[in-house]
2 protein chains.
Amino acid sequence: MTPFEAVAEPSRRAILDILRAGERPAGDLVAALALSQPGVSKHLKLLREAGLVSVRADGQRRLYRLQPQGLKELEAWLAPYRHFWADRLAALGDHLERDQ
Amino acid sequence: MTPFEAVAEPSRRAILDILRAGERPAGDLVAALALSQPGVSKHLKLLREAGLVSVRADGQRRLYRLQPQGLKELEAWLAPYRHFWADRLAALGDHLERDQ
DNA sequence: CATAAATATTCTCTTTTAGTTATATTTCTG
DNA sequence: CAGAAATATAACTAAAAGAGAATATTTATG
């Protein structure tokens, strides 16, 4: 699963948003997400496979942590679009490079 | 369809990437995309519904144009993650705000 | 006006996704 | 060591996504 697909699902974005504040046990995410425990567990598995989070064991808990490097791919794709909405100067540049 | 879902599909990203260079007829996109004409047409419809492209008629052609404002939502979501990989100072900030 | 060109729409099929319930696994605790 | 707590996995279901073939629609052209 690519980061693009991983991030397309709202619950998975919510998980990442929570993990921005720091490492959290799976249970916290279940509590936050209006989803069944297995449902959250599966999303976490996908996020792991996409390289967007990592886990470590802490007793019977699993602590999930954001692995933000995985988002670089998204960032890299988006980068060339950024100047389109940046400012008027960029809009001019856009116009100039159009239909070359 | 949200911009997130729209952009999750590789052919649709390819379409947007092509349109960055400027307005293009649907046929050009079909030629570029190793996909059937109806397949491309359907992706274009989804991109239109997601607000990422616009169309105008030109005779029997349909000229598609990038509508980059739609990507702002993606950009906005991604923004708070950017500092995670920006540089060492950001990494420190990340560490400090963790587990608050 | 008949045909061609460009594109959209419909139908059908297959695969994937997201969700649930039930069950298994692991670790902690009395 | 028995039961509880936390999480993962399995099995199943329903809905959605993506693709192709066939067809419709619209506009241009001889």
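This is a predicted model: local features need pLDDT of at least 70, side-chain atom pairs count only at pLDDT 80 or more; totals for chains, interfaces and linings use all residues.
## Two chains around a two-fold axis

Residues are numbered from 1 along each chain as its sequence is written, chains are lettered from A and ligands numbered from 1 in the order in which they are written, and side-chain values use heavy atoms, leaving out hydrogens and water.

**Where the chains meet**

- In contact with each other are 30 residues of chain B and 30 residues of chain A (contact means heavy atoms within 4.5 Å).
- The copies meet through the same surface, because 100% of the interface residues of chain B are also interface residues in chain A.
- About 3000 Å² is buried between chain B and chain A, and carbon and sulfur atoms give 63% of that area (buried area is the accessible area, with a 1.4 Å probe, that two parts lose on being put together, summed over both).
- On the chain B side, Arg20(B), Trp77(B) and Trp85(B) lose the most area to chain A, together 21% of what that side buries.

**Salt bridges between the chains**

- Two salt bridges are counted between chain B and chain A (a side-chain nitrogen of Lys or Arg within 4 Å of a carboxyl oxygen of Asp or Glu).
- Arg82(A) and Glu75(B) join their side chains in a salt bridge, at 3.0 Å from N to O.

**A helix pair in chain A**

- Helix H2 (residues 10-19) and helix H4 (residues 37-49) of chain A have axes that come within 10 Å and cross at roughly 75 degrees (helices are DSSP runs of H or I, at least four residues, numbered from the N terminus; axes are lines fitted to C-alpha atoms over the stretch in contact, and angles run from 0 to 180 degrees between N-to-C directions).
- H2(A) is therefore roughly perpendicular to H4(A) (the term covers 65 to 115 degrees).
- H2(A) brings Ser11(A), Arg12(A), Ile15(A) and Leu16(A) to this contact, while H4(A) brings Val40(A), His43(A), Leu44(A), Leu46(A) and Leu47(A).

Conventions
Helices (H or I, at least four residues) and strands (E, at least two) are DSSP runs, numbered from the N terminus. Angles under 35 degrees count as roughly parallel, over 145 as roughly antiparallel, 65 to 115 as roughly perpendicular and the rest as oblique.
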